[in-house]
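Hi everyone, thanks for making time today. I'd like to walk you through one model, starting with some charged pairs and ending with a helix. Please have a look at it first.

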Amino acid sequence: MTMRIAVFASGTGSNFQAIIDAERAGTLPVNIALLVCDKPQAPVIGKAEQAGIPVYVFEPKQYASREEYEQDIVRKLQQMDIELIVLAGYMRLLTATLVEPYAGRMINVHPSLLPSFPGMRAIEQAWQAGVKVTGVTVHFVDGGMDTGPIIAQQSLAVHEDDTIDSLTARIHEVEHQLLPQVIAAIVAGKVKLDGRRVVILQ
Ligand code: GRF
């Protein structure tokens, strides 16, 4: 069993690269069919080109509204028979135009233990709050900001000698493991959504 996925990213693309690496290593049975990116200069685009993955780049400021650029994205996703969308550092809020057609088929990785620290700069928010435990969440996407049903979470301790940089590096390592694992579970049909609760079958 495999699945055609699109990854949405706006920046560095280390999570995108982790998905590519897992696919190439044979541990993730997906076809990474498309990268969607809202920033023509983002380093993630080079990673896609190097891996031979098609890229759809758009510039939000060339559109009158979010709905308009999302309509174009949805058209592209439908043309390409995309079955699952993975938001991996996509720094834009979504509207119903994109969320509704892909309800239950769109996930996001977030660098905190939601519902704590949603939104931008989550690692910095957690650091400044002085938490002793933080982590990574992978969740389904709904209309809110990092509010959808939680699929998986992995915690990690904040060490006494951590800096925000060392903590950030460990959080990224966890993301790079957890996100491909969750995608693999979805592809295997093991992830069941029941209202707000998600059950992962063993
Ligand atoms: C990750 O920390 C992800 O959780 C957040 O944005 C960051 C993207 O990093 N949503 P990268 O582009 O995958 O390196």
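Let me begin with a definition: I call something a salt bridge when a side-chain nitrogen of Lys or Arg lies within 4 Å of a carboxyl oxygen of Asp or Glu. Keep in mind that this is a predicted model, where local features need pLDDT of at least 70, side-chain atom pairs count only at pLDDT 80 or more, and totals for chains, interfaces and linings use all residues. Residues are numbered from 1 along each chain as its sequence is written, and side-chain values use heavy atoms, with hydrogens and water left out.

So, how many salt bridges does the structure hold? There are 7. One of them joins Arg 92 to Asp 38, at 2.7 Å from N to O. Arg 92 sits in the loop between β4 and α4, and Asp 38 in the loop between β2 and α2 (43–51), so this pair ties together parts that are 54 residues apart in sequence. Helices here are DSSP runs of H or I with at least four residues, strands are runs of E with at least two, and both are numbered from the N terminus.

Asp 38 also pairs with Lys 39, with the closest N and O atoms 3.8 Å apart. That links Asp 38, Lys 39 and Arg 92 in a network of salt bridges.

Is Asp 38 buried or exposed? For the cut-offs, buried means under 20% relative accessible area, exposed means over 50%, and partly exposed is in between, using a 1.4 Å probe and protein chains only. Asp 38, at 3% relative accessibility, is buried.

Another salt bridge connects Glu 23 and Arg 24, whose closest N and O atoms are 3.1 Å apart. Here Glu 23 is partly exposed at 24%, while Arg 24 is exposed at 52%.

Now for the helix, α3, which covers residues 66–79. Which of its residues are buried? They are Tyr 69, Glu 70, Ile 73, Val 74 and Leu 77. As a reminder, an α-helix has 3.6 residues a turn, so residues three or four places apart point the same way.

Finally, just after α3, Asp 81 takes a positive phi of about 55°.

Notes
Expected span 1.5 Å × (residues − 1).
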